[in-house]
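Reader: I'm new to this one. Can you walk me through it?

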Amino acid sequence: MTLDVGVIGVGMIGQDHIRRLTRVLSGARVVAVTDVDLDRARAVADDLPGGDGHGARLHESGQDLIADPAVDAVVVTSWGPTHEEYVLACIAAGKQVFCEKPLATTREACDRIVDAEVAAGRRLVTLGFMRRYDAQYRAMKATVTSGEIGLPLLMHAAHRNPSVPPHFTSDMIINDSTVHDIDVARWMFDDEIAAVTVLKPRVSSKAAAGFNDPLLVLLEMGSGVLVDVEASVNAGFAYDIRGEVVCEDGTVELSESAGPIVKRAGGYSGRVPADWRERFVLAFDTEFQAWVDAVTAGGTTGPSTWDGYAATVACDTGLAALRSGQREPVVLRERPDLYKPDHSREALSG
Ligand code: NAD
Ligand code: ISE
């Protein structure tokens, strides 16, 4: 069986996911697309084989695409502030939806999505936190979880972007970039974040006016584990993602991620990825194949609406901490049964 997918938002990552669904993965095809930029969507639709081999269907709005009976499941890759509307419409239509981060840009919007999915009584939403599918992060988590190097005490992380597009704002260093490290921290330690503090080092001379770049974001986990994240968006040289968990009896860290190390003439060199597409290409592939397989089998998989909600609340708290200069506690609503681990197996079934 082939899963017929509709894609809302065909910008950079939308087109990258269409490429992998069409040319890399098995069991899915893109049969419909839309974008607020209809010319862009038309060009993408015309370039696709679609369901009948004559291009994908072009819809004038995301709502039309979701209502299309030819669309089995939906991928939302439009701008963050538009995610709430489309995710809610997918839940109302009873269709599985893969939503790129963020789930929504405010706590209140995430609350509405939690409420809608809980009322639907089953999981319909998967969040695009692809680092959970990265081989190195998975190996790191397996080591931490096994207990072989003792209890975790703290984690050091760095998230260095070479540059960012003109629409990027200073706050997005936290809610667009650091949101991935926030999700990694929750997933790595199977724990919620209890408080956030944000420190502002000397501002990079390469930062745009008004930008606090770089930032040092300190996450306190419920267990007391501390996670420090250096986040910067003008590193210039490359896309550099780092992580090290310090445990009582040892440490585990991400290694260099792309290609071999070459040693010659008294030195050594290797490649640092150019951007997130290069660094996480296999993680994205694995993430999407898992989603396609699970949805085809009648369920879903991967990070949930709760993970999206908790990440957005932690980001909001991080922004409050940036402005106050204080340690700010993270206040989460009670986790609904739908998202409790012992409930998750039955909740996945459609
Ligand atoms: P982009 O600007 O390249 O593309 C966004 C597209 O959405 C554009 O084509 C735009 O016209 C379209 N759009 C905007 N409003 C719309 C609406 N109301 N309806 C339909 N289409 C609309 O941005 P991008 O880099 O592709 O990012 C898209 C999303 O993916 C963002 O939420 C971003 O945070 C996320 N993202 C995730 C990762 C990751 O590593 N997981 C990487 C990049 C982007
Ligand atoms: C981008 O939207 C992503 O999600 C990338 O993974 C991240 O590294 C980058 O900072 C974001 O802007």
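**Walking through the model**

Author: Let's start with a loop. Pro-214 sits in the loop between strand E8 (193-199) and strand E9 (215-221). The bond joining Asp-213 and Pro-214 is a cis peptide bond, with omega about 5°. Keep in mind that this is a predicted model.

Reader: Where is the peptide bond from Lys-101 to Pro-102, and what is its omega?

Author: Pro-102 is in the loop between E5 and H5. The bond from Lys-101 to Pro-102 is cis, and its omega is near -5°.

Reader: Okay, step back. How many helices and strands are there in the protein?

Author: The protein has 11 helices and 15 strands.

Reader: And what is its radius of gyration?

Author: It is 20 Å. A compact globule of 350 residues would have a value near 20 Å, so the protein agrees with that. Along the principal axes, the C-alpha atoms fill a box of roughly 55 × 55 × 45 Å.

Reader: What share of the residues is buried?

Author: Of the 350 residues, 53% count as buried. The accessible surface is about 15,400 Å², and carbon and sulfur atoms account for 52% of that.

Reader: What about contacts between residues at least 6 apart in sequence?

Author: In that group, 73% join residues at least 24 apart.

Reader: And the charges? How many positive and negative ones are there?

Author: There are 34 positive and 50 negative charges. Their mean positions are 3 Å apart.

Reader: Now the inside. Which residues touch the most other members of the largest nonpolar core?

Author: Val-74, Tyr-137, Met-188, Phe-189, Leu-219, Val-227 and Val-245 do, in a core of 81 residues. Helix H10 (residues 305-324) gives this core its largest share, 10 residues. Another core lies apart from it, with 22 residues, including Val-7, Leu-21, Ala-28 and Leu-48.

Reader: Why would nonpolar side chains be found together?

Author: In soluble globular proteins, nonpolar side chains tend to be buried together.

Reader: Take Phe-189. What is it in contact with, leaving aside neighbours within four places in sequence?

Author: Phe-189 is in contact with Val-144, Pro-152, Met-155, Met-221, Val-225, Val-227 and Val-245.

Reader: Next topic, helix H4. Which of its residues are buried?

Author: H4 covers residues 83-93, and its buried residues are His-83, Glu-84, Tyr-86, Val-87, Ala-89, Cys-90 and Ile-91.

Reader: What covers them?

Author: The cover includes strand E1 (3-8), helix H3 (62-67), strand E4 (73-76), strand E5 (96-100), helix H5 (107-120) and strand E6 (125-128). Just after H4 comes Gly-94, with a positive phi of about 70°.

Reader: You mentioned E1. Is Asp-4 in that strand buried or exposed?

Author: Asp-4, which lies in strand E1, counts as buried because its relative accessibility is 13%, and the cut-off for buried is under 20%.

Reader: What does Asp-4 touch?

Author: Leaving aside neighbours within four places in sequence, Asp-4 is in contact with Arg-29, Val-31, Ala-70, Val-71, Asp-72 and Ala-73. Val-71 is 67 residues away along the chain, yet the C-alpha atoms of Asp-4 and Val-71 are separated by 5.5 Å.

Reader: And Asp-181, buried or exposed?

Author: Asp-181 is in helix H7 (residues 172-188). At 4% relative accessibility, Asp-181 counts as buried. Beyond neighbours within four places in sequence, its contacts are Arg-131, Ala-157, His-159, Leu-219 and Val-229. Leu-219 is also one of the core residues that touch the most other members.

Conventions
Residues numbered from 1 in each chain as written. Chains lettered and ligands numbered in written order. Predicted model: local features only at pLDDT ≥ 70, side-chain atom pairs only at ≥ 80, totals over all residues. Heavy atoms only, no water. Helix = DSSP H or I, 4+ residues; strand = E, 2+ residues; numbered from the N terminus. Rg over C-alpha atoms; globule rule 2.2 N^0.38 Å. Buried < 20%, exposed > 50% of the residue type's maximum accessible area, 1.4 Å probe, protein only. Contact = heavy atoms within 4.5 Å. Areas by Shrake-Rupley, 256 points an atom, 1.4 Å probe, with all protein chains shown as cover. Lys, Arg positive; Asp, Glu negative; His and termini not counted. Charge placed at Lys NZ, Arg CZ, Asp CG, Glu CD. Core = buried A, V, L, I, M, F, W, Y, C linked by side-chain atoms within 4.5 Å.
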